[in-house]
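Visitor: Hi, I'm new to this one. Could you show me around its pockets?
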Amino acid sequence: MDFEEGAVWWQGHRTQARAYPISISVHEERRVVKSAPGKRAAEEMKLLLNEFTIMRTDRIEPTKNILRGFQAYDYMLEEHPELIGRVNFLAFLVPSRQSLPIYRRTTAEVQAIVEEINQKYSTDDWTPIRAFYGNDRVRALAAMQFYDVLLVNPIIDGMNLVAKEGPVVNQRDGVLVLSRTVGAFQQLAKGSVPTSPTDVMETAQALYKALTMSKEERHAKAVFACQAVERSNLTTWLAKQINDINDILERESAETPVEEAEASPDDVVANVG
């Protein structure tokens with residue numbers, strides 16, 4: 001095995017491994033928010049914005065780490081009481097696999113902590129967390145136009161496309177607070193405030209940093225994240241794979257003697273893995 005090359009040789013055959021982080025259809029996400037339903041949802045969301053607005057959108061499941069995200073928000077409000085009444089947390093949460101006990105328990109725990117934090121801090125004219133339960137993608141995408149901070153803190157995630165959807169629709173130089181353990185971190189690290197997902201205090205500090213950083217730094221991070229997604233669109237994602245396959249086929253064809261190729265044409269494909 002050659003880890004630098006991402007190659008494995010076994011019984012004379014070479015298997016090549018490459019990481020191709022999948023992207024999103026940037027045009028499609030922007031089309032949704034500009035559609036009539038998207039515009040209606042955006043007008044509804046505008047009524048819920050505050051001086052600062054934190055958002056998240058996730059399926060409700062244990063790996064998404066929703067509880068620690070809310071705990072970090074609670075800790076941030078304790079440490080920075082000057083933010084009380086000035087920051088809203090809008091959470092778009094999709095119930096998932098409710099036939100499984102652990103998922104039902106997770107849903108109940110999420111609902112309980114939202115209620116607990118709201119009871120702890122709410123005033124007559126301010127509710128710290130607004131949670132929307134249900135699978136309404138248009139509403140979530142429309143809302144993400146207006147976040148100041150987008151919290152994406154799964155314990156582990158293969159990619160997490162929300163971290164890519166947010167930057168391409170956001171209109172407020174919103175900043176990602178991004179878990180180091182999601183696949184999207186490789187591409188978006190420089191455009192985010194990183195956090196360790198199991199460290200509630202670090203996540204609270206990351207939220208505060210993202211809310212209070214200078215306009216120049218916010219703009220730089222937002223632009224970097226957006227451009228990183230735009231450059232690696234679905235067409236680029238597919239083209240890279242096809243180009244690499246063609247390169248391997250050409251190399252293997254050049255290295256294979258004519259007699260061997262004629263005798264066993266499938267070997268070239270086998271060598272690609």
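Guide: Here is a short chat about the pockets of this structure.

Guide: It's a predicted model, where local features need pLDDT of at least 70, side-chain atom pairs count only at pLDDT 80 or more, and totals for chains, interfaces and linings use all residues. Residues are numbered from 1 along each chain as its sequence is written, and side-chain values use heavy atoms, with hydrogens and water left out.

Visitor: Okay, how much space lies in the largest pocket?
Guide: About 370 Å³. A pocket is an open set of points on a 1 Å grid over the protein atoms alone where a 1.4 Å probe fits, with protein on both sides within 12 Å along at least five of seven lines. Volume is the space filled by probe spheres set on the points, which are joined across faces, edges and corners.

Visitor: Which residues lie nearest its centre?
Guide: Thr-57, Asp-58, Arg-59, Val-162 and Glu-165, out of 18 lining residues; lining means having an atom within 4 Å of a point.

Visitor: And which element gives the most to that lining?
Guide: α5, with four residues. Helices (H or I, at least four residues) and strands (E, at least two) are DSSP runs, numbered from the N terminus.

Visitor: Switching over, what volume does the second largest pocket have?
Guide: About 210 Å³.

Visitor: What lines the second largest pocket?
Guide: Tyr-20, Gln-187, Arg-231 and Trp-237 are among the residues there. α10 (234-255) is one of the elements supplying at least two residues, and α10 gives the most, with three.
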